[in-house]
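Keep the viewer open and follow along.

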Amino acid sequence: MRLTKAFWQTYKEVPADAEIPSHQLMLRAGLIHKSGSGLYNYLPMGLRSIRKVENIIREELNKIGCNEITMTVVTPGELWQETGRWDKMGGLMLRFKDKKESDLCISPTNEEAVTDIFRKTVKSYKQLPVGFYQINTKFRDEIRPRFGLMRGREFTMKDAYTFHMDKASLDVGYQEMYDAYTAIFTRLGLEFIPVEADGGAMASADSKTHEFQVVANAGEDLIIYSQEAKYAANSEKAQTIRAKTEYDFQISPLTEVSTPNKTTIEEVCSFLNKPHYTSLKSLVYVATTGNVSKNVLALLLGDDSLNEIKLQAYLKCDHLIAATEDQIKASKLWKGYIGPVGITEDITIVFDKSINLEASYIIGGNKKDSHMSGFNPKRDMKNTNQADLRLAKAGDLTLDGKYTVVEKRGIEVGHVFQLGDKYTKDMKVGILDQNGKLVTPLMGCYGIGVTRVVAAAIEQNHDENGIVWPKALAPYQVYFATIVKSEEFVKIADEIYKEMSDANLEVIYDDRNVGPGNKFKDSDLLGLPFRVVMGERDYAASGDLEVIDRKSGSVTKVKKEELVSTLKNLLK
């Protein structure tokens, strides 16, 4: 592609609303154009990278026999109403009515639509297992779209779905898709970690679910990781144990301590000159199941944080939210001074498993400016229900106690999930088994955020000068920059460009009438794997061309006759 004929514009200024490097660089390098809040047009350079992700996905999913289809972007509301998600997804869905007053929506996902296809076409166990996938547009009306393609409202997604007669078959299909995802992200040249993830309300106890996380400093997700133990999990799912803790086993009377204006663990422990883990953190939540709500007091060691997903799973409630100040007051508790002693019996109390019930702790005194020391759970409480409530963190140990875990930041780009019979049951799907009996098939779903992959790749691979593309994802492979004026050398440059193109190398030919500084800055900003430089003076003197590796900065000088073979070797 000659730049004199290309539609490409770069920018020096960092856009004011672009907070993270990938968003900034995609706008500055002319990959995308903002259309509206959370809405982006894909420009030629960006679209080429998106297409490369799509092609790799297609190749790997086709290998495992998954069938590509395309479902409508607009889906009937009646399908969503069958599963109850028309109301549950609510604000995330862009909903509207047609001329007949029928409910429609722009699809945020397609479980209902694909299940409808399946139930109308597949009738016998002989047709199973079967898998479908599509690469299509999705829309989710995010309350606060941000970070460019990382969390936009409209995006390109690959969603796949498999149907199975039994759990054994679902496990096989799940593993095939897991392996295909591993191959996809490996081919894309990304540093990624498959992590155990939380299945939420739709998962049964034996359901499998994993997220594929691209490691990046700006990642929204926290990964708990041990390379030695080969363990990785989203912090919401991770199960670890605290490193050795020096509990206070000195039993002393429960004593009120004046703590004026000290409302946080940090302030109280600093005031009393005690380590944070010698105090108990008291958090009040409201758990709701159906129309019934109850207040819950969760207790953790002072230097731990609550994992709300674990608490909700323990309580088996539909919804869990932090209590408001008014709700705390209504429970006769005082914010900043809450403790488990003397509270009303209608509040459910749960201790984290890391709390040693034999030890002594500092707790809130349930009145202003007051805490209590010497609290011993075994002695001072009638009920001491315990559960794993804490959020895993760096420095914890794996469950066998052998290895220390670390934290990494990650960007979720893929998710594989065993749905079981959630959708097939709600939508009354039946298949005849080997005995002619009607049974409900099981289902798996598997997503990859295609446009998010491109943004995550840039987030992981950039420097102060611009993008540093992985070879498989770069919109082009080679940036050919010429510093020539005479017709003789322009002709030679044209010949070199033709030779590279004829050899099926993807080349941008910067034949613009601008100075070398502008060409090199644009080359670094766009970040193609290799830059080939032809300078008229150097070429006339030695016949050399420079091949510069964008990632390492290494420079190789080659003759015109060696250029194609050199580039092909470097691109392997």
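Which residue takes a positive phi in the hairpin of S5 and S6? Glu-101 does, with a phi near 65°, and the hairpin has five residues between its strands. Please keep in mind that this is a predicted model.

## The chain as a whole

Let us step back for an overview. The protein chain holds 16 helices and 31 strands. Its C-alpha atoms fill a box of roughly 95 × 70 × 50 Å, taken along the principal axes. Of its 572 residues, 50% count as buried.

The accessible surface comes to about 27,400 Å², and carbon and sulfur atoms contribute 49% of this surface. Among contacts in the chain with a separation of 6 or more, 69% are between residues 24 or more positions apart.

## The sheet around S6

Three strands form an open sheet in the order S4-S6-S5, with antiparallel pairing. S4 and S5 are the edge strands, each pairing on one side only. From one strand to the next, the twist averages 35°. As a reminder, strands of a sheet pair through backbone hydrogen bonds, either parallel or antiparallel.

Now for the pairings themselves. Strand S4 covers residues 74-76 and strand S6 covers residues 103-106; they pair in the antiparallel sense over three bridges. On this side, Thr-75 stands opposite Cys-105 in S6. Strand S5, residues 94-97, is joined to S6 by four bridges, and these two strands also run antiparallel. Here Phe-96 stands opposite Leu-104 in S6, while Arg-95 has Cys-105 as its bridge partner.

Strand S19 spans residues 370-375 and pairs with S18 in the antiparallel sense over three bridges. In this pairing, Tyr-361 stands opposite Phe-375 in S19.

## The loop residue Ala-243

Ala-243 lies in the loop between strand S12 (231-234) and strand S13 (255-258).

Which residues does Ala-243 contact, leaving aside its neighbours within four places in sequence? They are Gly-395, Asp-396 and Leu-397. Gly-401 is also worth a look: it is 158 residues from Ala-243 in sequence, yet their C-alpha atoms are 8.3 Å apart in space.

## Helix H5 and Thr-115

Helix H5 (residues 111-121) is largely enclosed by the rest of the structure, because eight of its eleven residues are buried. The buried residues are Glu-111, Glu-112, Ala-113, Val-114, Thr-115, Asp-116, Phe-118 and Arg-119.

Thr-115, found in this helix, has 0% relative accessibility and therefore counts as buried. Leaving aside its neighbours within four places in sequence, Thr-115 is in contact with Phe-163, Tyr-423, Thr-424, Met-427, Val-429 and Met-443.

## Where H1 meets H12

Our last stop is a pair of helices. Two packed helices are described by the angle between their axes and the distance between the axes. Helix H1 (residues 21-28) and helix H12 (residues 450-460) pack at an angle of about 105°, and their axes are 8 Å apart. Angles of 65 to 115 degrees count as roughly perpendicular, and H1 and H12 are therefore roughly perpendicular to each other.

Which residues make this contact? From H1 come Pro-21, Ser-22, Leu-25 and Met-26, which meet Val-454, Ala-455, Ile-458 and Glu-459 in H12. By class, the contact has six nonpolar residues, one polar and one charged.

Technical notes:
Residues numbered from 1 in each chain as written. Predicted model: local features only at pLDDT ≥ 70, side-chain atom pairs only at ≥ 80, totals over all residues. Heavy atoms only, no water. Pairing = 2+ DSSP bridges. Axes fitted to C-alpha atoms, helices over the stretch in contact; angles between N-to-C directions. Parallel < 35°, antiparallel > 145°, perpendicular 65-115°, else oblique. Contact = heavy atoms within 4.5 Å. Nonpolar A, V, L, I, M, F, W, Y, C, P; charged D, E, K, R; others polar. Buried < 20%, exposed > 50% of the residue type's maximum accessible area, 1.4 Å probe, protein only. Areas by Shrake-Rupley, 256 points an atom, 1.4 Å probe, with all protein chains shown as cover.
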